[in-house]
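Work through the exercises below with the sequence and the 3D structure open. Try each task before reading its solution.

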Amino acid sequence: MNKYEFFEQLGRGLSGLPQEDIDEHLTFYGEMIDDRVEDGLTEEEAVAEIGSPDEIASQIIAETPLSKIVKQKVKTKRKLKTWEIVLIAVGSPVWVPLLIAAIVIVFSLYITLWSLIISLWAVTVAFGVSALGCVASCPIFIARGYGWTGLASLGAGLLLAGLTVFLVFGSLAASKGVVKLTKRIILGIKSLFVKKEAQS
């Protein structure tokens, strides 16, 4: 793949971004290719060394704020006609509540997901504190002559400590999973805007 083909494919991948951002990225990668060519590589080798235009476009889209992509998408390409403005205003009692409801549903799902993670960590901390309390109370029970109660307290503390370790690993895995899921959802939303822009 030569430099022109690389630029064409990268430009298509970034077509949903503002034009100044696309130009900035194309200039950056053009300079990278030129630097490698000056170092003795052929144009094709320099392009191959940089990587796939699709992967680069995905990385750039992932790093671009969602608000910038949405703003570019909703920016009108032409001036709205009077009848279009009237239609938007007349239809607003229908589409505004639907839009608000959709945003609230997505936000509430996001809050619910993170509430579950916070609850899981709260249970983990509660088990850990209970384990410490049980182990700490063991010598007190034994010193007061309640040997069997002290041993039972020690056993319960060790059991809770084991459950705490198990829950820590589970909570970490769940937290990482939710963070990855959140990133994928945001990247998916960005990709929807960019792909729609590229097709139009």
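**Exercise 1.** In which loop is Leu80 found? Then classify Leu80 by its accessible area and list its contacts.

Solution. The model is predicted, so local features need pLDDT of at least 70 and side-chain atom pairs count only at pLDDT 80 or more, while totals for chains, interfaces and linings use all residues. Residues are numbered from 1 along each chain as its sequence is written, and side-chain values use heavy atoms, with hydrogens and water left out.

Step 1. Leu80 lies in the loop between α5 (66-74) and α6 (82-143). Helices (H or I, at least four residues) and strands (E, at least two) are DSSP runs, numbered from the N terminus.

Step 2. The relative accessible area of Leu80 is 36%, so Leu80 is partly exposed. Buried means under 20%, exposed over 50%, and partly exposed in between (1.4 Å probe, protein chains only).

Step 3. Setting aside residues up to four places away in sequence, Leu80 touches Ile85 and Ile88. Contact means heavy atoms within 4.5 Å.

**Exercise 2.** Describe the surroundings of Ser171.

Solution. Step 1. Ser171 belongs to helix α7 (residues 147-199).

Step 2. Ser171 counts as buried because its relative accessibility is 0%.

Step 3. Beyond its neighbours within four places in sequence, Ser171 is in contact with Leu120, Trp121 and Thr124.

Step 4. The side chains of Ser171 and Thr124 are joined by a polar contact of 3.0 Å. A polar contact is a pair of N or O atoms within 3.5 Å; within protein, one must be able to donate a hydrogen and the other to accept it, and residues adjacent in sequence count only if both atoms are side-chain atoms.

**Exercise 3.** Which residues of the largest nonpolar core touch the most other members?

Solution. Step 1. A nonpolar core is a set of buried Ala, Val, Leu, Ile, Met, Phe, Trp, Tyr and Cys residues joined through side-chain atoms within 4.5 Å.

Step 2. The largest such core has 15 residues, of which Phe6, Leu10, Leu14, Tyr29 and Ile56 touch the most other members. At least two residues of this core come from each of α1 (3-13), α2 (19-38), α3 (43-50) and α4 (53-63).

Step 3. Not counting residues up to four places away in sequence, Tyr29 touches Phe6, Phe7, Leu10, Ile50, Ile56 and Ile60.

**Exercise 4.** How many helices and strands are in the chain?

Solution. Step 1. The chain has seven helices and zero strands.

Step 2. Of its 200 residues, 23% count as buried.
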